[in-house]
Amino acid sequence: MRYILPILALIIAPGFCRAQALGKSVDPGTFLWYRSPASKWEEALPVGNGRLGAMIYGGVNEAIIQFNEETYWTGGPYSTVVKGGHEKLKEIQELVFDNKMQEAQKLFGRYLMGYPVEQQKYQSMGNLRLFFDLGTSKPENYRRWLDLRTATSGVDFVADGVQYREEFLSSHPDEVIVIRITASQPGAISLRAELQGARNQAHSNYGTDYFRMDSDSNDELVVTGKSADYLGIEGQLTYEARAKIRADGGTVTVSSSSLQMTMATSVTIYLSAATSFVNYKDVSANPHQRVAEYLGKASAKSFDEIRASHIKDYQSLFNRNLLTLTSNDSSFVSTDQRISRAHLRADPSLAALAYQFGRYVLISSSRPGTQPANLQGIWNNDMNPAWDSKYTTNINTEMNYWAAESANLSECMDPLIQMIKELTDQGGQVAKEHYGAKGWVFHQNTDQWRVAAPMDGPTWGTFTVGGAWLLNTVWERYKYQLDLEFVADIYPALKGSVEFFSDFLVENRSHKYLITNPSTSPENFPLSPGNGRYFDETTGSYLPGTTICAGSSIDMQILHDLFSNFIVASKLLNTDAELASRVQVMMDRLVPPQLGKDGSLREWTDDWGQLEANHRHFSHLYGLYPGHVLSPVKTPQLMDACKAVLEQRGDGGAGWSRAWKVALWSRLHDGERALKILNGYFHDQSYPQLFAKCFTPLQVDGTLGVTAGISEMLVQSNEDFIELLPALPKEWEQGSLTGMRVRGAFELNLEWKNGQALSSVIRSLKGTTVRLKVGAAKIRITENGKSIRHTRSGSYVIFQTQPGASYQLTFTP
């Protein structure tokens, strides 16, 4: 109530007055609010605790709490390994070298694809529907909101002179979703509650068997069932969802599928769910026992107690890193209006809101002990979601975790690290059977059951570096924290990936380079010899054949980072020196980044054009971001070629594609272009609550990628120095941030004005040396008021730190 009630008297005022009123009570960088209900799921506000997610939408007469339990997928433990495929690998490679791409694709599809060719689907578990009896009055002063500082969502309105509030949260400590409904007058709440399983509302091909949906007692509703069969894989998960409802006053009437509350003063609903999932190979748990335990403990507590522990737990993560950008009149209209006007009116604090919403989404969908965030995080209302709501690893899953370290949410990456370890199981079998190689390999998609073979088709399945990219993503933890325990923990997976590529890489026909074969540049069709493209007279254009190739640029860049990381890990752990030496030789023989005849960076080893001019992927710019192969420092001669690629592809595209562009232009130090793309993203590829669109389907990759891109605009540490405000647009001339992590094991606060750094605090985690790019600015460095000796080398200031110490930096232009 503290956010909404103070302004109720002013809500009917004109827009400017409403903005002024909101400005006195909310932070436009951490608070989302709306003047009308969410009429569809894509407009809903999310809550989540890493395991249980909910989307809240509907009108004043009906609230819909669509909920997910992260382990509810179709099928059960299965394998997609096909034995003996490696016997055809040499033949496929020769066909690729001979530019017989279609023949190579057919052979790969017949012998090296996994089976089943597709994978399992993430599922919606159900809906809790609340039907309110508000009489015939028309509700007034409606507001719905999401407070990122407390991870609570709510709805406020007035009907018949009564002030109503609905509040929603998903508690990590108590493992429940809790709904609290209050009214300003006694006995004013009358509602009917129904708990519905999603599968019994789905299309008939998913079936409606194995359901029980009834009231167990006078205050509980329960749904039980079994996961769907899919692709010939039997549904082996059992599950239960249960809602416990407590009313203060009034009467309760029970039916077989609903509870009716009449004339209550307040209502509290505890909702929990669980499946029989133990791990990717074991589904023997008892969901009823799990749910009973969760609800038993939670329902013994009051809403205020659960809310307090929820906020304390959440803020232990969220409050580490805050970003503040300036606000103006545009910042205090409703969030949907802010988003729709972003390309027309300056609203710097909208970027801060997007930054923090990304952090909120990661905290809410990925916690230690949970599954990693999938394409939709943990939120999905469909039994047949777009791209199955899986883990797509030719960009999307990696993007989900780009900001985990810089945004000071390192432990939220634990589920991804665990998934990598689990993928080495079938990944090792695929390496042996499909490629005749040691180690392990993983391609472009997996699901909860950790299958690792190529899927969908050779056009996508020849991406052999999916596992390597995941490893490079989590290796950032070492770069940010210098954590040797992490290095030892991830080393077996790192070594296994290197061992696979030691066997898989082959010499090209000139015997000069080592390359991957077969290979692909994700989802982009080259104008290459023999790729099977054909001219369609109906459309008057060429249609694609295959993406199969040898030695795509992204493969080479990912492997360069993988090999480099392995060499560092080997030295840190003082092991496998001989293997590290061989890996160094292999790294030196990878195809280097090359210029194309059009002046852009080549996407393939050969200088081929592309069928689609504005393709959404920027695979050959992996090395610029998120990789460490290309940069204005390492490869200044290639920066114009990188820009040429970005210019060619344009500023549009899917949400995740635009988020990537923000980061890429930031690495090129062009903050104005990055902001232009960011504002276009808000307008074209963002839903009203800042979830990203993948053209239309809701996804979280762009949401989380935007957080990473904004981080790159403000602070960069990908070289051996820290750079402040490297891509700051003029609109963001003033602001501050606290608790941002940078590589080298530092945590940084920063304040700036007129586009220039004013002051900073650098906290040293490991006692390493700071190398800070300051240009011509004068700087004073102190610790506890005492000046710290430092050296100046050109544009850089260098000083030694002590573990745990904080250093105050003051800048003078």
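1. Salt bridges. This predicted model holds 45 salt bridges. Side chains of opposite charge can pair when their charged atoms come close. A few examples follow.

2. Asp156 and Arg165. The side chains of these two residues meet in a salt bridge, with N and O 2.7 Å apart.

3. Asp414 and Arg477. Here too a salt bridge forms, and the closest N and O atoms are 2.7 Å apart. Asp414 sits in helix α9 (residues 414–435) and Arg477 in helix α11 (residues 466–481), so the pair ties together parts 63 residues apart in sequence. Asp414 is partly exposed, at 26% relative accessible area. Arg477 counts as buried, at 10%.

4. Arg673 and Asp651. Their closest N and O atoms are 3.0 Å apart, in a salt bridge. Arg673 belongs to helix α17 (residues 671–685). Asp651 lies in the loop between α15 (639–649) and α16 (655–667). The two residues are 22 apart, and the pair links distant parts of the chain. Both Arg673 and Asp651 are buried.

5. A network. Which residues are linked in a network of salt bridges? They are Asp219, Glu220, Glu240, Arg242 and Lys244.

6. The sheet. Seven strands make an open, antiparallel sheet, in the order β2-β3-β4-β5-β10-β15-β14. At its edges are β2 (45–48) and β14 (251–254), each pairing on one side only. Neighbouring strands are turned by 20 degrees against each other on average, direction ignored.

7. β14 and β15 (residues 258–264) pair in the antiparallel sense over four bridges. Thr251 stands opposite Thr262 in β15.

How values were computed: Residues numbered from 1 in each chain as written. Predicted model: local features only at pLDDT ≥ 70, side-chain atom pairs only at ≥ 80, totals over all residues. Heavy atoms only, no water. Pairing = 2+ DSSP bridges. Axes fitted to C-alpha atoms, helices over the stretch in contact; angles between N-to-C directions. Salt bridge = Lys/Arg side-chain N within 4 Å of Asp/Glu carboxyl O. Buried < 20%, exposed > 50% of the residue type's maximum accessible area, 1.4 Å probe, protein only.
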